[in-house]
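Subject: Structure handover, with notes on side-chain packing

Hi,

Here is the structure I promised to pass on.

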Amino acid sequence: MLKNVVAVVMEEVHPFELGVACEVFGLDRTEDGLPGYDFAIAGPRPGPHRTHAGFTIDVPHGPERIAAADLVVVTATTISREYPEPLLDALRAAHARGARVLSICSGAFVLGAAGLLDDRRSTTHWRYSAELAARYPRTTVEPDVLYVDDDPVITSAGTAAGIDACLHLVRRVQGAEVARGIARRMVVAPHREGGQAQFVCRPLPEGDGDSLAPLLDWMRHHLDEESTVEQLAARVHMSPRTFARRFQQETGTTPHRWLIGQRLLLAQRLLESTSEPVDAVAARCGFGNAATLRHHFGRRLGTTPLAYRRCFAEPAAGVAVRV
């Protein structure tokens, strides 16, 4: 069932992410033969709430409105150490009675504070994935994806990934035709797989003297070399088990997955900026050959190296780009 939808906002709400929920679920499209939703906006209290863009919005409902929702969409807001307890209680109660909960971008931190990410997979904007993993260690953060559906909790990455997550849920509950109809009105792609990468370049997080940042920097400069967990742990004078735990805490993922991700980022940059053959790109990135590079491109990015190059290559690199 997907009839009653509530978008949750807090102070410093991000207007775009709130607009995603409003656009997907808040517009009456019944004249097009699409289902309508009883849509509302709720917050910790009724009344004006600041946006991070400098203006305010009037929120008509408090957390009690969540009690009637089939779906609760927690929109992005400024990350905080604490969130209003009545709101967290309402989210817990909605989850306990079987409602679906979906977060967009930093809204995942609100779900984490409510305990709804415990023992689940999750994601958020790539800039915040390591912090989400460190703050809520009982969740397994997948930093390289657009959204994660760990039913009945769905988490999505930043900005437009929220559209993908909402349309994914509509497709799952109400069918592909309904999702296509909404997407057509929004002029967006009707479906992108959640496993597709966010297509971003992640800078290394700054850290103190005990951080793994120096090791990560070393790994990024030796992507063409094979290193085992034992070898990496020895470089920072840790046991393999302690190293694996620390690595997860700081990066939100495993050493192997992080290394594959960094190799793919380098491959993306080379495909964008050079005309080197795919075999040469694969060798420089540590994949060895084009077949292995294609395999990881398909699994992580949902495309092929050549298709990626056609989409993103710089004309100055001497690569033919179709327009």
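This is a predicted model: local features need pLDDT of at least 70, side-chain atom pairs count only at pLDDT 80 or more; totals for chains, interfaces and linings use all residues.

Numbering runs from 1 along each chain as its sequence is written, and side-chain values use heavy atoms, with hydrogens and water left out.

**Cores**

By nonpolar core I mean a set of buried Ala, Val, Leu, Ile, Met, Phe, Trp, Tyr and Cys residues joined through side-chain atoms within 4.5 Å. Buried is under 20% relative accessible area, exposed is over 50%, and partly exposed is in between (1.4 Å probe, protein chains only). The largest such core has 38 residues, and Phe25, Leu102, Val170 and Ile182 have the most contacts inside it. Among the elements that each supply at least two of its residues are strands E1 (4-8) and E6 (100-104) and helices H1 (15-25), H5 (161-174) and H6 (176-186). H5 gives the most, with 7 residues. (Helices, H or I of at least four residues, and strands, E of at least two, are DSSP runs numbered from the N terminus.)

If you click on leucine 102, you'll find it in contact (heavy atoms within 4.5 Å) with Leu71, Val72, Val73, Val74, Ile154, Ala165, Cys166 and Leu169, leaving aside neighbours within four places in sequence. There is also a second, separate core of 28 residues, which includes Val6, Val74, Tyr83 and Tyr136.

**Rings**

Rings of Phe, Tyr and Trp (its six-membered ring) pair if their centres lie within 6.5 Å; planes under 30 degrees apart are stacked, over 60 edge-to-face, and the rest tilted. That rule gives 5 aromatic pairs. In one of them, phenylalanine 247 and tryptophan 258 have ring centres 6.0 Å apart and planes at 85°, so they are edge-to-face. Phenylalanine 247 is in helix H9 (240-251) and tryptophan 258 in helix H10 (255-273), so the pair ties together parts 11 residues apart in sequence. Phenylalanine 247 is buried at 0% relative accessibility, and tryptophan 258 is buried at 9%. Elsewhere, ring pairs link Phe109, Tyr128 and Tyr136 into a cluster.

**Cysteines**

How many disulfides does a search of the whole structure find? The count is 0 (the test is a pair of cysteine sulfur atoms within 2.5 Å). Cysteine 22 is partly exposed at 23% relative accessibility, whereas cysteine 285 is buried at 0%.

**Salt bridges**

I count a salt bridge when a side-chain nitrogen of Lys or Arg is within 4 Å of a carboxyl oxygen of Asp or Glu. The structure holds 21 salt bridges. Arginine 138 and aspartate 118 meet in one of them, at 3.5 Å from N to O. This pair links distant parts of the chain, 20 residues apart. Arginine 138 is partly exposed at 47%, and aspartate 118 is partly exposed at 28%.

Aspartate 150 and arginine 120 form another, with their closest N and O atoms 3.5 Å apart. Here aspartate 150 sits in strand E9 (147-150) and arginine 120 in the loop between H3 and E7, 30 residues apart. Aspartate 150 is buried at 19%, as is arginine 120 at 15%.

Over to you!
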